[in-house]
Amino acid sequence: MKPENTLSPSADSCGSKACCTPTPAVGTVATPHVADGNLFRIATMDCSSEESEIRRALEPISGIRSLGFQLGARTLKIDASDSALPLALDAIRKAGFDPLPVQPAGRPATDVETDGDNEHEHESGVGGGVYRLVAALVLAIGAESISYFAPEGMGWKIGGMAIAAIAIWLAGIDTYKKGMGALIHGKLNINALMAVAVTGAFLIGQWPEAAMVMALYAIAELIEAKAVDRARNSIKGLLEMAPEEALMLSADGSWAMTAVTAVPLESTVRIKPGERVPLDGVVVKGNGAINQAPITGESIPVDKAPGDQVFAGTINETGELEIRVTAAANNTTLARIIHAVEQAQGTRAPTQRFVDKFAAIYTPAVFAIAVAVAVLTPFLLSLTWQEALYKALVLLVIACPCALVISTPVTVVSGLSAAARRGILIKGGTYLEDARLLKAIALDKTGTITEGKPKLVDSRIWGNADEATSKRAAASLASRSDHPVSKAIATSLEQQVSDVQDFKAIPGRGVQGTVDGQTLLMGNHRLMEENGLSSTELKAELATHEKQGRTVTLLANGKEVLALFAVADTIKETSRKAIADLKALGVTTVMLTGDNSATAKAIASEAGIDDARGDLLPEAKLEAIKDMQKRYGATGMTGDGINDAPALAQADVGFAMGGAGTDTAMEAADVVIMNDNLERVAETVHLSKRTHSILWQNITLALGIKSVFLVMAVFGTATMWMAVFADMGASLLVVGNGLRLLRIKKQAAVGSGPG
């Protein structure tokens, strides 16, 4: 069974502020979905370590039904009984966190406030802010200077120690608070390790180095946190796409600028050329070209006319439009995309779960090695106790698994955000990673490979009939029918129609009517046979069209066939390239459709698909997916998200070609292709391979650098300075490597490696 789209508990891992540093909330889109009284913002919670600590703190409390973590927005939804909720909040506070209730508008009680370019940070921010860290660094340099250059004397020593202590307090007070809390609860995270290491170094007389290490550590965390913000907040730019106000038609007939949150459904909103669409709606007046890149990833403008749908955040490039609002500000397609990506960022990918479990073992193991070094090296290597203790403290700093733990979420979030920018909505890191494993992909035909709209692809005048007269008669009869094939013929012929007398439909056959005084039949071959109008030549012609997956409609009078019209659901321009890209990635393609087998094979052959299965009901598609999983292995399904829902659910990764704004599609599948472009499926597989490659590059880098410095610490001359640079340098390296995914514009699905 494939995993559900839910948040899962995290294993214990790094507790570093570097990977758990407060960042501005990604947005408040999720708020309307949550009861205000049960949603809390926790400023110092934004990584799996913090989530894990909170989960463990809440485990003993009965009455908690579920926990919903939003790490990107730093919010926690607690579904609990009235008696359990206060106990839960008290347990969270005892664990060292401060849960603040979210106000009804979706804004936390206290938050990052911005005024122009000035940002007022939380008191719980990294080291309390940039100025605080600069002051700590200056004092640490002062302590180092006193140690090197000041004359011997108790006064200078006490002064240097005091300056060092102030520097440590400025840079590391939050680290100490969280470190002590971790030690009290028996947890060994980076805060606990740093608190022990710096305190130990200070007590054995290495006070200048202790001050400098803490200051550098805090500054490196700040730099790293800003880099992580880029990944976590990469989707935040979408939130700024939609304007805050809209020009709304008032009840008195005047137009007034109104906050989008105050615009009711069914209101009329005017959008001028060059403006962004404020809310989802349907055009009721005007024509224009809309740039839908924020929603679909395609920058080519789409022409809009009355009756067409528009989406919040898109750009009206030409023409003034008036729209009827169909979705509130917190429920637009853009808002739902952001909410879905935030949910995806809160889930843990398989590699991240592996790394978290590894880190939970790795940190205590290295702590045990450090204790062994402190106790045994005086006997084994003839070190003094002070030297042995210093070496052990260096090991504690190196032991931080932050680089290892942070390497996975920043990479996964970058991949999810890069996909969202391309109009690919992936509902979690699990599906981002699993897409690379797909060996086969099943494809629905209508609306996925084909346009989903029948078109007249061929017509032929039969016998000695007059072409103009026959086409006008066919258009006249077809225009009276609501059948999709008739509509396609009427639209494509573009003839001036004549009045039709005595019109009637013949169920399962076609239609009959009198045009310009002549009684005519228009329908399928069965209708012609029943009226004795078939022939060997006509049957051969029909067989040729049927092999190509076409539906043929015949026009006849009482004596002979006058013309034939071949209608087909044409292949999308992108489908052939998409199938070729999937094949280049080693993915077998199979078409599953409810259409007849002849049509299925014809379309499959034209698109380059390996296999085609027709005449399938939804249940049969489900069985076909199961069969493909046994035959090929991991199998994906691409469909419209409605009729194909059972198959999408059974597939290892379900791709919904649902189109922008289709609620069912966004709920049914694991990946939603917002612009119905099949090429995005191959791009997803390629992105998955690239993400997996970068994940393991990061894991290798983190473990490799740690291993080198651990050996140097035990057998060489590694110092605490070197330990800090090894830890934070590795963290910055893996973060930068993970952020490379954000630079993806339009990667070729083939012809390039995953790295």
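Here is a quick tour of a predicted model, taking in its cores, its strands and a few of its charged pairs.

**The cores**

Let's start inside. The largest nonpolar core counts 55 residues, and Ile-168, Met-194, Met-214, Val-394 and Met-720 are the ones with the most contacts inside it. Several helices each supply at least two residues of this core, including helix 3 (130–149), helix 4 (154–184), helix 10 (350–380) and helix 25 (720–738). Which helix gives the largest share? That is helix 6, with 10 residues. In general, nonpolar side chains tend to be buried together in soluble globular proteins.

Leaving out residues up to four places away in sequence, Met-194 touches Thr-175, Val-213, Met-214, Tyr-217 and Val-397. Apart from this core lies another one of 37 residues, with Leu-416, Ile-424, Tyr-431 and Val-671 among them.

Setting aside neighbours within four places in sequence, Asn-737 is in contact with Ile-694, Gln-697 and Asn-698.

**Strands side by side**

Now for the strands. Strand 15 (residues 321–325) is mostly covered, with 4 of its 5 residues buried. Strand 9 (residues 268–271) pairs with strand 15 in the antiparallel sense over 4 bridges, and here Ile-271 has Leu-321 as its bridge partner. Strand 10 (residues 281–285) also pairs with strand 15, again antiparallel and over 4 bridges; in this case Val-282 partners Arg-324.

Elsewhere, 7 strands make an open sheet with mixed pairing, in the order 16-28-27-26-17-24-25. Strand 16 (424–426) and strand 25 (611–613) are the edge strands, each pairing on one side only. From one strand to the next, the twist averages 20°. Within the sheet, strand 17 (residues 440–443) and strand 24 (residues 588–592) run parallel and pair over 4 bridges, with Thr-588 as the bridge partner of Ala-440. Helix 20 (residues 597–607) packs on this sheet and touches strand 24 and strand 25; the helix direction makes about 155° with that of strand 25.

**Charged pairs**

Side chains of opposite charge can pair when their charged atoms come close. The structure holds 21 salt bridges, and the table shows some of them.

| Salt bridge | N to O distance |
|---|---|
| Glu-467 and Lys-471 | 3.1 Å |
| Glu-679 and Lys-577 | 4.0 Å |
| Arg-680 and Glu-683 | 3.3 Å |

Glu-467 and Lys-471 both sit in helix 15 (residues 467–479), 4 residues apart, about one turn of the helix. Glu-467 is partly exposed at 44% relative accessibility, whereas Lys-471 is buried at 18%.

What does the pair of Glu-679 and Lys-577 tie together? Glu-679 lies in helix 24 and Lys-577 in helix 19 (residues 575–584), so the pair ties together parts that are 102 residues apart in sequence. Glu-679 counts as buried at 13% relative accessibility, while Lys-577 is partly exposed at 44%.

Arg-680 and Glu-683 both belong to helix 24, 3 residues apart, and both are buried. Finally, salt bridges with shared partners join Arg-270, Glu-320 and Glu-322 into one network.

Methods: Residues are numbered from 1 along each chain as its sequence is written. This is a predicted model: local features need pLDDT of at least 70, side-chain atom pairs count only at pLDDT 80 or more; totals for chains, interfaces and linings use all residues. Side-chain values use heavy atoms; hydrogens and water are left out. A nonpolar core is a set of buried Ala, Val, Leu, Ile, Met, Phe, Trp, Tyr and Cys residues joined through side-chain atoms within 4.5 Å. Buried means under 20% relative accessible area, exposed over 50%, partly exposed in between (1.4 Å probe, protein chains only). Contact means heavy atoms within 4.5 Å. Two strands pair if DSSP finds at least two bridges between them. Axes are lines fitted to C-alpha atoms, for helices over the stretch in contact, and angles run from 0 to 180 degrees between N-to-C directions. A salt bridge is a side-chain nitrogen of Lys or Arg within 4 Å of a carboxyl oxygen of Asp or Glu.
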